[in-house]
Amino acid sequence: MRYTDIAIIGGGLSGSTAAAMLGRAGISAVLIDPHESYPADFRVEKLSGHTQVDRFLRTGIGESVLRRATFAGENWIARFGHLLDKAPSRQFNILYDSLVNAVRDEIPASVERIWAKAVSLETSSERQKVVLSNGETLSARLVVLANGLNVGLRHQLGITRKIVSACHSISIGFDVVPAGRNAFGFPALTYFSERPSDRIPYITLFPVGTRMRANLFVYRGFDDPWLHDLRRAPAETLNAALPRLKRITGAFDISGELKIRPVDLYVNDAGGLHGLALVGDAFSTSCPVAGTGCDKVFTDVERLCNVYIPQWLASDGMDAAKIAGFYADPVKRDCDEWSAAKAFDFRSVSIATSPYWTAQRWARFIAWSAQGLLRPLGGANFLGHSSSSSSSSSSSRSSSSSSSSLSSSA
Ligand SMILES: Cc1cc2nc3c(=O)[nH]c(=O)nc-3n(C[C@H](O)[C@H](O)[C@H](O)COP(=O)(O)OP(=O)(O)OC[C@H]3O[C@@H](n4cnc5c(N)ncnc54)[C@H](O)[C@@H]3O)c2cc1C
């Protein structure tokens, strides 16, 4: 039997961030995950916006991890084939396996890592017992359950799952390459749907290293024939749905494999269980269209590791009443509620046809256009780069751009 204060089950973004934070705080912790190196997986591919990046920076590891990302300091906004704005942006583009592996590099050596699966879990108000697939047993004061979408252990513990919205959206990831020329003319682009009937909120194109990635989102059933058409003839199906996209991007081809992932929105109820705290997707999922999953991950982990775990370890026991404080944390609750509301608002503003949502759609279009018109031509963005100079770059930005944006905003 091995002994530790904290056993973290799951070494994805949540669990690896928690391991790095606890290790840096000198708290005894063990990280358990089946994969020594996080494998390729289609999840978040860019961290963007001031709020999300600031949340990551609050964990204390964001700065060095984001240096590995490709930075885009400007994002073009377009709809109906018209460029509406060249908006300053704070996008850090990185594939999920690279992101998680970069976070894992921030875990101090004092945190033990076990490359195995947790196969069973017994909880109590004092110590928790974790049995691993390699035959080992671990005793911990607290288990941080960060095992994402895997339901096995939660079923075992009788944790109930409330499905809020089944197949709320579908995310599609692929690479695009310019046809007949070397580079795209935009640094990064968000192109909004042309018609609600297409059931597409938007497509976003952004550089990751030398590749141009595309994330396309749709509100459709997973058995919708449109997805079959997209798999069979990706470029033609996309062009039919967004016929004026090429006015902005120029001609392009789709290269490599299409990754298609449906997302259910759910919340797990772990209240009442001793010795166990759920974080990230293990607690509740988010809609990729709204792009709030990492806000939830960073908020959960930051609150848990900075505020609650040090408090809990300072007194005896680890009963459910202690842990209830974490689920009731106002910062966590605000973030969860904001994420859930954004998932439904995005869906309505993209596909609802009521007068209210139609008006909302036009209001956004007018706001983007006005913002674009008011933005001084060639004016400096928050990085100090001029809009015109950044728009001429087509693919990657060097990591020095990442660091300048971080230090200027930190
Ligand atoms: C297609 C897609 C696109 C997305 N896009 C965005 C976006 O643009 N913006 C955004 O903010 N969010 C986005 N998200 C959400 C974001 O990716 C997730 O919220 C986040 O990755 C969750 O991380 P996690 O660590 O909680 O779970 P995971 O990354 O799933 O990690 C779970 C870990 O647990 C391990 N594990 C499972 N079972 C066990 C076990 N029994 N024992 C030990 N280990 C175990 C797994 O191996 C894995 O390493 C997207 C999600 C998807 C699916």
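Student: Which residues does Ile6 touch, leaving out those up to four places away in sequence?

Tutor: Ile6 touches Leu22, Ile27, Ser28, Ala29, Val30, Ala140, Leu142, Val144, Ile309 and Leu313. Contact means heavy atoms within 4.5 Å. This is a predicted model, in which local features need pLDDT of at least 70 and side-chain atom pairs count only at pLDDT 80 or more, while totals for chains, interfaces and linings use all residues. Residues are numbered from 1 along each chain as its sequence is written, and side-chain values use heavy atoms, with hydrogens and water left out.

Student: Which residues touch the most other members of the largest nonpolar core?

Tutor: They are Ile6, Val130 and Ile309, in a core of 70 residues. Helix H9 (residues 293-313) supplies the largest share of this core, 10 residues. A nonpolar core is a set of buried Ala, Val, Leu, Ile, Met, Phe, Trp, Tyr and Cys residues joined through side-chain atoms within 4.5 Å. Buried means under 20% relative accessible area, exposed over 50%, and partly exposed in between (1.4 Å probe, protein chains only). Helices (H or I, at least four residues) and strands (E, at least two) are DSSP runs, numbered from the N terminus.

Student: What lies apart from that core?

Tutor: Another core, of 30 residues, lies apart from it; its members include Ala214, Trp226, Leu245 and Ile248. In soluble globular proteins, nonpolar side chains tend to be buried together.

Student: Now aromatics. How many pairs does a search of the whole structure find?

Tutor: The search finds 17 aromatic pairs. Rings of Phe, Tyr and Trp (its six-membered ring) pair if their centres lie within 6.5 Å; planes under 30 degrees apart count as stacked, over 60 as edge-to-face and the rest as tilted. Phe56 and Phe298 form a stacked pair, at 4.3 Å centre to centre and 15 degrees between the planes. This pair links distant parts of the chain, with Phe56 in helix H2 (residues 50-57) and Phe298 in helix H9, 242 residues apart.

Student: Is Phe56 buried or exposed? And what about Phe298?

Tutor: Phe56 is buried because its relative accessible area is 0%. Phe298 also counts as buried, at 1% relative accessibility.

Student: What sort of pair do Tyr308 and Trp312 form?

Tutor: Tyr308 and Trp312 form a tilted pair, with 5.9 Å centre to centre and 45 degrees between the planes. Both lie in helix H9, four residues apart, about one turn of the helix. Tyr308 counts as buried at 10% relative accessibility, and Trp312 is buried at 3%.

Student: Which rings are linked into a cluster?

Tutor: Ring pairs link Phe192, Tyr202, Phe217, Phe346 and Trp368 into a cluster.
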